[in-house]
Amino acid sequence: MTEALTAAEGDTLARARRELWQAVCARDEYAAARAVFGALDSGAGTEDVLLDVIAAVQREVGRAWAENRFSVAQEHSATAIHDRIIAAMAHRIPEPSPTGAAGTVTVACVDGEWHALPARLLAEVLRGRGYRVDFLGAQVPTPHLIAHLHSTSPTAVALSSSIPLRLPAAHTAITAVQALAIPVVAGGSAFGFDGRYARLLGADAWAPDARAAAELLGRGLRRPARGAVRQSIEDLPHLADQEYTLVLRSRRQLVKNALAGLLERVPAMRAYTDAQHERTAEDVAHVVEFLGCALYTDDGDLFTGFLDWTGDILEARRVPSRVLDPCLVLLEEELKDFPRALGFLARGRETLRRRDARPPVPGPDSSA
Ligand code: B12
């Protein structure tokens, strides 16, 4: 929230947040538009409405889904409403000059990244600050991004990613854009709450949110030297052990073997419905992918953080997080010659054990 916000503006934004939340819960796009445009008509700033109303409600949507209060369809509906409201707001902002008084910024999501809304919010904030924004949206394949930049030569590229699984693709994009002597600012939750993965992958800058990104771009970014593409291994020497490459190459077989092993060792699975089998397959694939990502970054926290997050999601759906343990055991057996992977899997199992040992949270009907 901006410090300069007056109490009246704060009230306006708090009211808009409440009304927008109610509107998306009711899947009522007209009420959502009234909440947002009402706040703007009462004098709230566009940037504050984008970040302190829409982004705040969108994060609440994420929490509601994680806690099993919102279905996937409700989350999709809320996101779609926000998307359309942001588009309608965009056309109330005066058009920046053709070159952009402050410069041109290409805003793109990393290859494979579907979370376009955080990038869209950033794009609108930058437009409001006088930048000409070239918004490329979700999952932009790196070769297409590079071909595009050859003809557009922006002042900077803002790369967005929300899910850490996209970090290897982000690395490829960062180094390829920098080879064109265009600086890259990275952002979105994939890069870590403190930007640690943006630094690890050699981005020129990182910002935690759209306001900080605009301020950072306003101070100017140094152009990287034009030259050859840096190889991943130059930034990440641990990749020399090939563990990441081998796990990546065999990931389909790893998932298949883990699922077969689970069927053998977890008798309850034999009674699973097709939908339960499908969800288990998704969870196992996710475990393998996050393990691969931890190997890429050599960061065990990335794997244990994922297990903690999955544990919360499962427990909100009344499934104990310890159901993940047999999958980690099977992967330990499959990856017995991979010391880094074994270290991450051991830490992962410890995370699950610690979760299991926690005292149960009293439910609403608890008499304690
Ligand atoms: C909407 C949504 C989706 C939609 C996205 C639609 C769209 N058009 O964007 C869909 C349905 C596609 C989706 C899919 C998935 N999602 Co999703 N999704 C979300 C949700 C609910 C909201 C995302 C959002 O818009 N956030 C709001 C904005 C405001 O977020 P923000 O990060 O704070 O943005 C600010 C900064 O990050 C910054 N910023 C953003 N980009 C940039 C770039 C630069 C350069 C800079 C400087 C700054 C910057 O500025 C923004 C504004 O200040 C989040 C929950 C959440 N809390 O975010 C989950 C979430 C991100 N999704 C998640 C997951 C797991 C998935 C799936 C894997 C689900 C699945 N099993 O299929 C897939 C993955 C898809 C993929 N390959 O990318 C998890 C990720 C967990 C994790 N361990 O990382 C989350 C956190 C859900 C949760 N609560 O657990 N998702």
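At 4% relative accessibility, threonine 351 counts as buried, where buried means under 20% relative accessible area, exposed over 50% and partly exposed in between, with a 1.4 Å probe and protein chains only. The model is predicted, so to speak of a local feature needs pLDDT of at least 70, while side-chain atom pairs count only at pLDDT 80 or more and totals for chains, interfaces and linings use all residues. Residues are numbered from 1 along each chain as its sequence is written, and side-chain values use heavy atoms, with hydrogens and water left out.

Let us stay with threonine 351 for a moment. This residue lies in helix 16; helices here are DSSP runs of H or I with at least four residues, strands are runs of E with at least two, and both are numbered from the N terminus. A polar atom of the threonine 351 side chain lies 2.9 Å from the backbone oxygen of arginine 347. That is a polar contact, meaning a pair of N or O atoms within 3.5 Å; within protein, one must be able to donate a hydrogen and the other to accept it, and residues adjacent in sequence count only if both atoms are side-chain atoms. Apart from neighbours within four places in sequence, threonine 351 is in contact with Thr304 and Asp308, contact being heavy atoms within 4.5 Å.

Side chains of opposite charge can pair when their charged atoms come close. A salt bridge is counted here when a side-chain nitrogen of Lys or Arg is within 4 Å of a carboxyl oxygen of Asp or Glu, and the count comes to 29 salt bridges. In one of them, aspartate 308 meets arginine 355 at 2.6 Å, N to O. This pair links distant parts of the chain, with aspartate 308 in helix 14 (residues 300-316) and arginine 355 in helix 16 (residues 339-357), 47 residues apart. Are the two partners buried or exposed? Aspartate 308 is partly exposed at 30% relative accessibility, whereas arginine 355 is buried at 6%.

Another salt bridge joins the side chains of arginine 322 and aspartate 356, at 3.1 Å from N to O. Here too distant parts of the chain are linked: arginine 322 sits in the loop between helix 14 and helix 15 (325-334), aspartate 356 in helix 16, and the two are 34 residues apart. Arginine 322 is partly exposed at 46% relative accessibility, and aspartate 356 is partly exposed at 42%. Elsewhere, salt bridges that share partners join Glu47, Asp48, Asp52, Arg129, Arg211 and Glu215 into one network.

At the N-terminal end, aspartate 209 caps helix 9, with a side-chain oxygen 3.2 Å from the backbone nitrogen of arginine 211. After the helix comes glycine 220, whose phi is positive, near 90°.

At 1% relative accessibility, threonine 106 is buried. Beyond its neighbours within four places in sequence, threonine 106 is in contact with Asp134, Leu136, Leu145, Leu149, Pro154, Ala156, Val157 and Ala158.

Now for the ligand. Which protein atom is a donor to its cobalt atom? The only protein donor is His115, through NE2 at 2.2 Å; donors are N, O and S atoms within 2.8 Å of the metal (3.2 Å for Na, K and Ca), and water is not among the atoms, so sites may look incomplete. Histidine 115 lies in the loop between strand 1 (104-109) and helix 5.

Around the ligand there are 37 residues, of which Arg59, Trp114, His115, Ser160 and Trp309 come nearest; a residue is near a molecule or strand if one of its heavy atoms lies within 4 Å of it. A polar side-chain atom of arginine 59 lies 2.7 Å from a ligand oxygen, and a polar side-chain atom of serine 160 lies 2.8 Å from a ligand nitrogen. The shell divides into 22 nonpolar, 10 polar and 5 charged residues, with Ala, Val, Leu, Ile, Met, Phe, Trp, Tyr, Cys and Pro counted as nonpolar, Asp, Glu, Lys and Arg as charged, and the others, Gly among them, as polar.
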